[in-house]
Amino acid sequence: MKLIGVCGSPRKEGNTEIALENVLTAAQDQGVETEFVALRDYDVRGCTACLKCRETKDGTCKGREDGLDEVFRKVYKAQGLVVGSPVYFGSATPESLAFLQRLGYVARGMDENPMEGKIGAGVAVARRGGQNFTVAELEMSFGPLKMIRAGSIYWPMGFGAKQGDIRQDEEGMKTMGELGRNMAEMIKKLGR
Ligand SMILES: Cc1cc2nc3c(=O)[nH]c(=O)nc-3n(C[C@H](O)[C@H](O)[C@H](O)COP(=O)(O)O)c2cc1C
């Protein structure tokens, strides 16, 4: 049983990374294996609409040679996916959306959707506003992929401007921990 955390912040050791680590640590405490992936380690860009995935139907993306297939494979094998993004001008980062849109498109192109039944959640961090919309954006593909959205005690959002500020957001950090616990419980009961 595994939960993958994908971070769409270009900033190393930033607030999104801290929020995701909190989710993953809480899931580990419930006996679920976890792995953290930073999209900044890949030169992630958006879908080229080459539609080669509709020919190969193998869940890979031939439109970009950026190594993202490696991340897709990790996600297919896991039972849960949590994606975190900072809010940039009221929205998720381009890297986060490029990852989710390409993952969704290649997965839906396969004869059997590998995302069906996986437990998913989006997590957003901002200095002041835009988290709710960003969480909704991050989770937008989960419905058509037949994934199951996990919740927490509040929307999974945090406040912080400078790296590490989110640690002062007690409720935000607690919400991340509860999300991780809940995702782990759901993965153990329903994950595939
Ligand atoms: C280009 C850019 C746009 C931003 N837009 C917003 C915004 O719309 N709302 C907000 O509250 N914070 C905004 N911020 C602040 C970040 O969301 C905030 O610093 C966040 O903690 C960054 O997360 P990170 O440490 O994981 O990179 C913006 C920051 C940058 C660099």
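User: At roughly what angle do the axes of helix α1 and helix α6 cross?

Analyst: The model is a predicted one. Helix α1 covers residues 15-29 and helix α6 covers residues 170-190. Their axes come within 7 Å, and the crossing angle is roughly 40 degrees.

User: Is the crossing of α1 and α6 left-handed or right-handed, and which residues of α6 make the contact?

Analyst: The crossing of α1 and α6 is right-handed. On the α1 side the contact is made by A19, N22, V23, L24, T25, A26 and A27. On the α6 side the residues are M173, M176, G177, L179, G180, R181, M183 and A184.

User: How many residues of each class does the contact of α1 with α6 have?

Analyst: Glycine counts as polar in this scheme, and G177 and G180 of α6 are both in the contact. R181 of α6 is also part of the contact, and arginine counts as charged. By class, the contact of α1 with α6 has ten nonpolar, four polar and one charged residues.

User: How are α3 and α4 oriented to each other?

Analyst: Helix α3 spans residues 68-77 and helix α4 spans residues 94-108. Their axes come within 11 Å and cross at roughly 65 degrees. The range 65 to 115 counts as roughly perpendicular. The orientation of α3 and α4 is therefore roughly perpendicular.

User: Which residues make the contact of α3 with α4, and how do they divide by class?

Analyst: α3 passes α4 in a right-handed crossing. L68, F72 and V75 of α3 meet F99, R102, L103 and V106 of α4. The residues of this contact divide into six nonpolar, no polar and one charged.

User: Which element supplies the largest share of the shell around the ligand?

Analyst: The ligand is surrounded by 20 residues, and the closest are R11, G14, T16, P86 and A126. At least two residues of the shell come from each of α1 and β4 (119-126). The largest share, three residues, comes from α1.

User: What is the make-up of the ligand shell by class?

Analyst: R11, one of the closest residues, belongs to a type counted as charged. P86 and A126 are also among the closest, and proline and alanine count as nonpolar. The shell as a whole has seven nonpolar, nine polar and four charged residues.

User: Where does E139 lie, and which residues does E139 touch?

Analyst: E139 lies in the loop between α5 (131-138) and β5 (148-149). E139 has 19 C-beta neighbours inside 10 Å and so counts as partly exposed. E139 is 17 residues from G122 in sequence, yet their C-alpha atoms are 5.7 Å apart. Not counting residues up to four places away in sequence, E139 touches G120, G122 and R149.

User: Is A49 buried or exposed?

Analyst: A49 is in the loop between β2 (33-38) and α2 (53-56). Its phi is near 60 degrees, a positive value in a residue other than glycine. Because A49 has 8 C-beta neighbours inside 10 Å, A49 counts as exposed.

How values were computed: Residues are numbered from 1 along each chain as its sequence is written. This is a predicted model: local features need pLDDT of at least 70, side-chain atom pairs count only at pLDDT 80 or more; totals for chains, interfaces and linings use all residues. Axes are lines fitted to C-alpha atoms, for helices over the stretch in contact, and angles run from 0 to 180 degrees between N-to-C directions. Helices (H or I, at least four residues) and strands (E, at least two) are DSSP runs, numbered from the N terminus. A crossing is left-handed if the near helix is turned anticlockwise from the far one by less than a right angle, and right-handed if clockwise. Two residues are in contact if their C-beta atoms, placed from the backbone, lie within 7 Å. A residue is buried if 20 or more other C-beta atoms lie within 10 Å of its own, exposed if 12 or fewer, and partly exposed in between; C-beta atoms are placed from the backbone. A residue is near a molecule or strand if its C-beta atom, placed from the backbone, lies within 6 Å of it. Angles under 35 degrees count as roughly parallel, over 145 as roughly antiparallel, 65 to 115 as roughly perpendicular and the rest as oblique.
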